[in-house]
Structure formats: C-alpha cells, structure tokens
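Subject: Structure handover

Hello,

Please find the structure below, with notes on what turned up in it. Sequence and coordinates come together.

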Amino acid sequence: MTTDTFYASLPKVRDFSALSDPSVFAPLPGDWLLCCTDIVNSTGLVKAGRYKTVNMVGAAVIAAMRNALEGEAFPYVFGGDGASFAVPPGRRGTAQRVLGSLRSWTDAEYGVSLRAAVLPVSRIRAEGLDAQVARYAASEHADFAMFSGGGLAWAEAQMKAGAFEVAPAPQAPPPDLAGLSCRWSNTPARHGIILSVVAQPAPGSSLQDFAGLAAELLELAAELEDSGHPVPESGPRLRFPPEGLTLEAKASRGRLPLFLRQLYLLGHCAFAALLLLSKRPAGSFDPVHYLSMLRAHSDFRKFDDGLKMTLDCTPAIRDRIRHRLERAAAEGLVQFGLHEQDAAMVTCIVPSPVEDDHIHFVDGAAGGYTQAAANLAAAFVSGRKTA
C-alpha cells in the first residue's frame, strides 16, 4: 500500500458504535496534508438568522474537493461552520487551489469570510498529537471519515491564529460545486428537542477513557427512536418555493444571470417535488428509494476529534446526556457543549439523483454544532478563570 492509496485501502467499519474503540482508527501517513476551513464570526451569522448559509458554505468545501478529485476517495468531515479533510502530497496543489478559490467565492457570493489552512501531518506529530482516521460505511454506496488523535482540533486552532494560511485567489475560476443542494426545509423535532452535542477529550485525558465515555453516550442515544436520527423515514420537509433556492442558485456555475438560474432551479424543484409527493418512479428515479438512501446517508453523528451528534431527543434523555457529561467534566475527562433547538436542517451533495452515492449533512437548524462549540468554549474559559 502506497501512501496515496491509504484511505481507499482502509477497511470500512459498518457498526457506528464500534467507532468508540480507538483501535479502529489508523494514523494518517506522515507525508499527507491536513486541510481545514472555518467561517469567521459564524456565531454572529447564526444570531442574524443565516445558519443555512453557514451550513451551505461548510458543505461547499467538501463538494468542491470531491469534484476536483473526480471520485478519488479522501477523508473529510463536515463541522457545521466549516469542514476539514486530508489529502496525499500529490494533491496539495489541488487542495490549495480549491481553498483559495472558495475563500474568494464565499466572500463575493455570500459576504461570508472563510478561513483556510493546509499543514503537513508531520507538523501535528511534532506537537505530540496525532491525526488518525477511520472509514464508516453508512451503506454499500456511501461512507464518512471519522477523525481522532487531537491533531485536527490543534490544526483548527492554528488556522484561527493565522498559521498555515491559504490565501484567497480572486482571479481563480469559481469552484465547481456541482451537486451541492440546500432545498429541503427544516425538519421539526418529533420527540421534543433537536439536541446538538459536541464532546471533546479534555487536555491530559486518555483516548481510551474518552472512548468509554463515548460508548456510554451512544448507548444513551440508542434508547431514542432510531438512535435519535433527526430525519424521518418520509424524509425532510420540502416547501415550495424552497427556502435555499437563492443560496443554491449562487452555488451553480454558468454564465446565466442569477435570476435565470433561480428560475431554472425553481422549475427543477417543482418537478422533483411532484415526484417525491407522488412516490411513483419516473424513469430511473425512484423517490421512495431516494428518500431511504437520503436517511441512510445522513451524518447525524460523527467522531471529529471527539463525538458530535445531532439528535431528535426526548427531554429525559437530554437530561441524562447532560448529567453524564457534567460528571465526566468534573473528573477532568471531557469538555462539552450542548445546544437545543426545535428543528434540524439537511445540506446535500447529490451528484446524480438516480445514483446512490449522494450524501447529506445534518445539523441543528438554529445554531447546531456552531453554537454547541461556542458553549463549550465559553464553559472552558469560565473554568480556567475559576481555577
């Protein structure tokens, strides 16, 4: 196995609960590059009601890299207000070109400032940290990367401090965001709360101890209907016209004026809505099968240098999750943030509606991971002040 084929050669883990075991993760090769992005002032954008835009920009990073790599498997993770990924050394130029283009594009199209950084995995290990990855198979047709080791969190902190920066590229062509979509309406909680959970190992705690805590949290979530999956079997809601129509139109490439792209998408969405409502196949498109795959390929839980979950949660399970995390925090095992809202949102990458390789990023609809992470940061700062 060469380092270029490292990720493609990783065995796929089919049981999500098995990912709480550190032994299923493999270290990224030392010559690989870790790349991360983050939206400046995402909490302010959330307060301004622009979280759908925040999620769209975060997912755009992944869509642009998937298209640039033309189907080549690489590990990536969606973080709500950004995304991170890793590439072999031969793809460094591609990653820098895509990230530079994205920084200029998000500012021009959405008025959103995007940070971006690229750094060698060897630099992370020089800090005594690691960057490990596992490959979780959501189905036979789609999988998600999981990260562990503390290196990704360190890289993101360095990026926010201005290190390893990828500069904007205002003269570059716009990124190829084919397949990126945000036309679904928010999905209301069916059991009371959409709970966003961000839990990270506390400094000095062992990965093995955190793994035990993660397993306990997953067991609590398993007591919820379908482990707290926030997307119902019927799929997310689809209102007409779609709430994210303008966001998606801006992401589409072409020389047509924005209003013509909006009209085209409006017609496309109307036809898709009729097929989904009728639940009858049309040609190669089977709406019932598509919705089942949408649900199966939704990343409502992930390991991202810690455990993140977006749960359709009862108040009772919410309280038990909170109490377990509070106890673990008092023991110096974890740092955590929670955020509650009444709905979830889904942002999609659908290369083709008749193929099964589409993927869907789930987050809380009113701050989600961004606000949970902000709550974590606030609790950490408060704890240092009182210590």
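The notes below cover pockets, contacts, backbone angles and a surface patch.

This is a predicted model, in which local features need pLDDT of at least 70 and side-chain atom pairs count only at pLDDT 80 or more, while totals for chains, interfaces and linings use all residues. Residues are numbered from 1 along each chain as its sequence is written, and side-chain values use heavy atoms, with hydrogens and water left out.

Pocket and cavity

Both come from a 1 Å grid over the protein atoms alone: a cavity is a set of points where a 1.4 Å probe fits but cannot get out, a pocket is an open set with protein on both sides within 12 Å along at least five of seven lines, and lining residues have an atom within 4 Å of a point. Points are joined across faces, edges and corners, and a volume is the space filled by probe spheres set on them.

The second largest pocket holds about 760 Å³ of space. Its lining numbers 31 residues, and R183, E248, L265, H268 and V350 lie nearest its centre. Two or more lining residues come from each of β9 (180-181), α8 (245-251) and α9; the largest share, nine residues, is from α9. Helices (H or I, at least four residues) and strands (E, at least two) are DSSP runs numbered from the N terminus. The pocket lining has 21 nonpolar, five polar and five charged residues (nonpolar: Ala, Val, Leu, Ile, Met, Phe, Trp, Tyr, Cys and Pro; charged: Asp, Glu, Lys and Arg; polar: the others, Gly among them).

Contacts

The search gives 19 salt bridges (a side-chain nitrogen of Lys or Arg within 4 Å of a carboxyl oxygen of Asp or Glu). One of them joins D38 and R115, at 2.2 Å from N to O. D38 is in strand β3 and R115 in strand β6 (residues 114-120), so placed 77 residues apart in the chain.There are ten aromatic pairs (rings of Phe, Tyr and Trp, the last by its six-membered ring, with centres within 6.5 Å; planes under 30 degrees apart are stacked, over 60 edge-to-face and the rest tilted). F25 and F303 form an edge-to-face pair, because their ring centres are 6.5 Å apart and their planes stand at 75°. F25 is in the loop between β1 (12-13) and β2 (26-27) and F303 in strand β12 (residues 301-303), so the pair ties together parts 278 residues apart in sequence.

Backbone angles

Most residues other than glycine have a negative phi. N41, in the loop between β3 (33-39) and α2 (42-47), has a positive phi near 55°. S227, in the loop between α7 (207-222) and α8, has a positive phi of about 60°.

Surface patch

L256, F259, L260 and L263 form a nonpolar surface patch with about 390 Å² of accessible area together. Patch members have over 30% relative accessible area and no salt bridge; like charges are joined within 9 Å, and nonpolar side chains (Val, Leu, Ile, Met, Phe, Trp, Tyr) within 5 Å. Areas are from the Shrake-Rupley method with a 1.4 Å probe, and for residues only the protein chains shown count as cover. F259 belongs to helix α9 (residues 258-278).

Regards
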